[in-house]
Amino acid sequence: MPVTIKSEREIELMRKAGEILARTHEELAAAIRPGMTTMDIDRLGEKIIRGFGCIPSFKNYNGYPASICVSVNDEVVHGIPSKHRYLEEGDIVSLDAGVIYKGYHSDAARTVAVGKISPEAEKLIEVTRQCFFEGMKFAKAGNHLNDISTAIQAYAEKFGYGVVRDLVGHGIGTHLHEDPEVPNFAQKKKGIRLEPGMTLAVEPMINMGRPDVIWMDDDWTVKTEDGSLSAHYENTILITDGEPELLSLMH
Ligand code: MF3
Ligand code: CO
């Protein structure tokens with residue numbers, strides 16, 4: 001499918017979707033504490049999203065059974081919420097959520113500390129977030145997609161971390177996943193030329209150890225192969241004539 005350029009009307013709807021998703025993440029992060037189950041997070045997230053008049057876009061997407069992906073510690077992404085999985089002090093938990101507002105999607109993820117966590121885990125979360133912002137330095141019209149990918153990888157690897165290869169970011173709009181793919185690691189080809197009106201979900205997934213991941217028997221949960229911790233940070237962004245607009249972040 002071709003990469004679409006969104007109209008001003010579509011961008012306005014994606015701004016609204018992004019604002020609602022940003023608020024959802026703030027409320028979720030503030031609610032995280034030891035003793036909660038991952039299902040509690042899903043219930044709360046779905047309630048917040050529906051309370052804003054949006055649809056949780058992950059629910060039933062390719063058969064995914066919940067509204068929020070909740071991935072703990074060595075789980076990278078797509079953890080399925082469970083009423084048997086309790087969060088403990090010292091865990092890190094990646095929350096990935098998507099909303100649909102009047103037919104337009106926004107997608108964002110954050111990794112959050114459960115109580116007090118180790119300095120090593122803190123650093124992984126912070127570097128993963130910064131990987132996204134390093135990518136943003138190149139998210140400008142006239143640059144190419146691979147400029148973003150290369151910057152993300154270079155920053156993560158400075159710290160000895162592993163950049164996940166098996167999952168990538170994506171275009172977004174009337175569908176959760178649109179073209180182009182947005183890898184978090186350098187490609188041989190420079191990729192598409194970025195143009196104003198393109199909307200992308202940029203989402204570094206960074207492992208403390210090796211980049212390799214494995215799929216669990218539930219066919220969703222992705223874990224690090226070496227058992228190391230993993231963090232995820234994602235926003236939906238708009239390419240403009242100048243700085244990118246970060247649609248799923250509070251302004
Ligand atoms: N946020 C994920 C992504 O960026 C989507 C989760 S897959 C779902 O691709 F099935 F849970 F929706
Ligand atoms: Co995404």
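1. The side chain of glutamate 203 forms a polar contact of 3.1 Å with the side chain of histidine 170. A polar contact is a pair of N or O atoms within 3.5 Å; within protein, one must be able to donate a hydrogen and the other to accept it, and residues adjacent in sequence count only if both atoms are side-chain atoms.

2. The model is predicted: local features need pLDDT of at least 70 and side-chain atom pairs pLDDT 80 or more, while totals for chains, interfaces and linings use all residues. Residues are numbered from 1 along each chain as its sequence is written, chains are lettered from A and ligands numbered from 1 in the order in which they are written, and side-chain values use heavy atoms, with hydrogens and water left out.

3. Which residues hold the cobalt ion (ligand 2) as protein donors? They are Asp107 (OD), His170 (NE2), Glu203 (OE) and Glu234 (OE), at 2.1 to 2.2 Å from the ion. Donors are N, O and S atoms within 2.8 Å of the metal (3.2 Å for Na, K and Ca); water is not among the atoms, so sites may look incomplete. Along the chain, the spacing of these donors is D-x62-H-x32-E-x30-E.

4. UniProt lists Asp107, His170, Glu203 and Glu234 under "binding site" in an unreviewed entry; such annotations may be inferred rather than shown by experiment. These residues span 128 residues in sequence, yet no two of their C-alpha atoms are more than 10.7 Å apart, so they gather at one spot.

5. Aspartate 107 lies in strand 5 (residues 104-113); strands are DSSP runs (E) of at least two residues, numbered from the N terminus. Is aspartate 107 buried or exposed? Its relative accessibility is 3%, so it counts as buried, a term for values under 20%, with exposed over 50% and partly exposed in between (1.4 Å probe, protein chains only). Its side chain also makes a polar contact of 3.0 Å with that of histidine 170.

6. Glutamate 203 occupies the loop between strand 9 (199-202) and strand 10 (205-207), and is buried at a relative accessible area of 7%. Histidine 170 and glutamate 234 are both buried as well.

7. Histidine 177 is partly exposed, with a relative accessible area of 42%, and its side chain is joined to that of tyrosine 61 by a polar contact of 2.6 Å. Histidine 78 is partly exposed at 23%.

Key:
Helix = DSSP H or I, 4+ residues; strand = E, 2+ residues; numbered from the N terminus.
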